[in-house]
Amino acid sequence: MAVTPTQFARMTRTSANWDEAKRRVLAAYREWIRAAPEIQTMYSIPFPVSVIRTRMRQEFERHRFVNKLPVVDVLLVQNNAEYQETMNFWKQTTHVMSYFKEENFRGADRLPNNFMQGFLEASFSIDALDVESSS
């Protein structure tokens, strides 16, 4: 796939009223939802498309109660930049996977909290391997 930097570029503009802002937000949301299968393929994300779409919806829902039109316009500009970077493959897989902290196989619990916890976990896992191999 050839990267065309301007393919997903959008003009920066301000919304005249709330109806226009709502229309632009819904259009952006639909763009992301439609792109989920392609994003999964491009970045080799190990989750089903439904999980990716759910996470996209959560990102939009996070800003649901913004009640200032200029703030909505700034969020739309950020959204357009994010979409362009994602679809042009300007991100690495780790950047995309950072949106999936709960589902991520390299989540917050990948490292032990202290030395003893890590030591005991490693000792128990080695003991379990020894028991399995001797059986």
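Buried means under 20% relative accessible area. The legends below apply that cut-off to a predicted model.

**View 1. Tyr83, a buried ring in helix α3.** Tyr83 lies in helix α3, residues 69-87. Its relative accessibility is 8%. That value is under 20%, so Tyr83 counts as buried.

**View 2. Trp32 and Tyr83, an edge-to-face pair.** A pair of aromatic rings is described by the distance of the centres and the angle of the planes. The ring centres of Trp32 and Tyr83 are 5.1 Å apart. Their planes stand at 80 degrees. Planes over 60 degrees apart count as edge-to-face, so this pair of Trp32 and Tyr83 is edge-to-face. Trp32 sits in helix α1, while Tyr83 sits in helix α3. The pair therefore ties together parts that are 51 residues apart in sequence. Trp32 is buried too, with a relative accessible area of 9%.

**View 3. Tyr29 and Phe60, one of the aromatic pairs.** A search of the whole structure finds four aromatic pairs. In the pair of Tyr29 and Phe60, the ring centres lie 5.3 Å apart. The planes meet at 80 degrees, so this pair is edge-to-face. Tyr29 belongs to helix α1, residues 18-43. Phe60 belongs to helix α2, residues 49-62. Is Phe60 buried, exposed or partly exposed? Phe60 has 23% relative accessibility, so it counts as partly exposed.

**View 4. Helix α3 and its buried face.** The 19 residues of α3 should span 27 Å, at 1.5 Å a residue. The end C-alpha atoms of α3 are 27 Å apart, which agrees. Which residues of α3 are buried? They are Leu69, Val72, Asp73, Leu76, Asn79, Asn80, Tyr83, Gln84, Thr86 and Met87. Look down the axis of α3: these buried residues fall within an arc of 160 degrees. They therefore line one face of the helix. What covers the buried residues of α3 includes α1 and α2.

**View 5. Gln84 and its contacts.** Gln84 is found in helix α3. Gln84 has a relative accessible area of 16%, so it is buried. What does Gln84 contact, leaving aside its neighbours within four places in sequence? Its contacts are Pro5, Phe8, Ala9 and Trp90.

**View 6. Phe89, after helix α3.** Phe89 follows α3. The phi of Phe89 is positive, near 60 degrees.

Methods:
Residues numbered from 1 in each chain as written. Predicted model: local features only at pLDDT ≥ 70, side-chain atom pairs only at ≥ 80, totals over all residues. Heavy atoms only, no water. Phe/Tyr/Trp six-rings, centres within 6.5 Å; stacked < 30°, edge-to-face > 60°. Helix = DSSP H or I, 4+ residues; strand = E, 2+ residues; numbered from the N terminus. Buried < 20%, exposed > 50% of the residue type's maximum accessible area, 1.4 Å probe, protein only. Contact = heavy atoms within 4.5 Å. Expected span 1.5 Å × (residues − 1). Arc of directions from axis to C-beta.
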